[in-house]
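Subject: Handover of a structure, with findings

Dear colleague,

Please find the structure below, handed over for your use. A description of what was found in it comes after.

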Amino acid sequence: MKNSLKRKYFTLDEFREDVKLSCVSANGPVLIVSYSRKGLKQTGDGHFSPIAGYHAGEDKCLIMDVARFKYPPHWVSTE
């Protein structure tokens, strides 16, 4: 698959590069992340949502929460 971002393990710098790649084109690839809501002081725990943006100056990702009835899109630290 062209522009596939499937990785089992990666470094933080490789993750940043994948985020940037996924944010430069409306035609993909799409980056879906699995993360713990607890780390963001949200209710629940394991969760999947797409990343829709990257702010290099602040090193933050824009997560488009799929449970938008519960949480709006939010910026989180890449680390």
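This is a predicted model: local features need pLDDT of at least 70, side-chain atom pairs count only at pLDDT 80 or more; totals for chains, interfaces and linings use all residues.

Residues are numbered from 1 along each chain as its sequence is written, and side-chain values use heavy atoms, with hydrogens and water left out.

Overall fold

The protein has one helix and four strands, arranged along the sequence in the pattern α-β-β-β-β. Helices (H or I, at least four residues) and strands (E, at least two) are DSSP runs, numbered from the N terminus. Of the 79 residues in the protein, 35% are buried; buried means under 20% relative accessible area, exposed over 50%, and partly exposed in between, with a 1.4 Å probe and protein chains only. The protein exposes about 5700 Å², of which carbon and sulfur atoms supply 55%; accessible areas come from the Shrake-Rupley method with a 1.4 Å probe, and for residues only the protein chains shown count as cover. Among the contacts (heavy atoms within 4.5 Å) with a separation of 6 or more, 30% are between residues 24 or more positions apart.

The helix

Helix 1 covers residues 12-23, twelve residues in total, and spans 17 Å from its first C-alpha to its last, close to the 16 Å expected at 1.5 Å a residue. The expected span is 1.5 Å times one less than the number of residues. Phe15, Arg16, Asp18, Val19 and Ser22 are the buried residues of helix 1. Seen down the helix axis, these buried residues fall within an arc of 160°, so they line one face of helix 1; the arc is that of the directions from the helix axis to the C-beta atoms.

That buried set packs against strand 1 (32-36), strand 2 (46-55) and strand 3 (60-63). Helix 1 lies across these three strands and runs at about 75° to strand 2. Axes are lines fitted to C-alpha atoms, for helices over the stretch in contact, and angles run from 0 to 180 degrees between N-to-C directions.

Asp18 has its place in helix 1 and counts as buried because its relative accessibility is 5%. From Asp18 to Val30 the C-alpha distance is 9.6 Å, across twelve residues in sequence.

Four strands form an open sheet in the order 1-2-3-4, with antiparallel pairing. Strand 1 and strand 4 (74-77) are the edge strands, each pairing on one side only, and the twist averages 50° from one strand to the next. Two strands pair if DSSP finds at least two bridges between them.

Strand 1 and strand 2 run antiparallel and are joined by five bridges. Ile32 has Pro50 as its bridge partner in strand 2, Val33 has Ser49, and Tyr35 stands opposite His47. Strand 2 and strand 3 pair in the antiparallel sense over four bridges. Strand 3 and strand 4 likewise pair antiparallel over four bridges, with His74 in strand 4 as the bridge partner of Ile63.

In a regular strand the side chains alternate between the two faces of the sheet. In strand 1, Val33 and Tyr35 form the covered face, whereas Ile32, Ser34 and Ser36 form the uncovered one. In strand 4, the covered face consists of His74 and Val76, and the uncovered face of Trp75 and Ser77.

The turn at Asp59

Strand 2 and strand 3 form a hairpin with four residues between them, and Asp59 in the turn has a positive phi of about 50°. Asp59, found in the loop between these strands, counts as buried because its relative accessibility is 17%. Leaving aside neighbours within four places in sequence, Asp59 is in contact with Arg16, Tyr54, Val76, Ser77 and Thr78. One of these, Arg16, is also among the buried residues of helix 1, and Val76 belongs to the covered face of strand 4. The C-alpha atoms of Asp59 and Trp75 are 9.7 Å apart, with the two residues separated by 16 residues in sequence.

Yours sincerely
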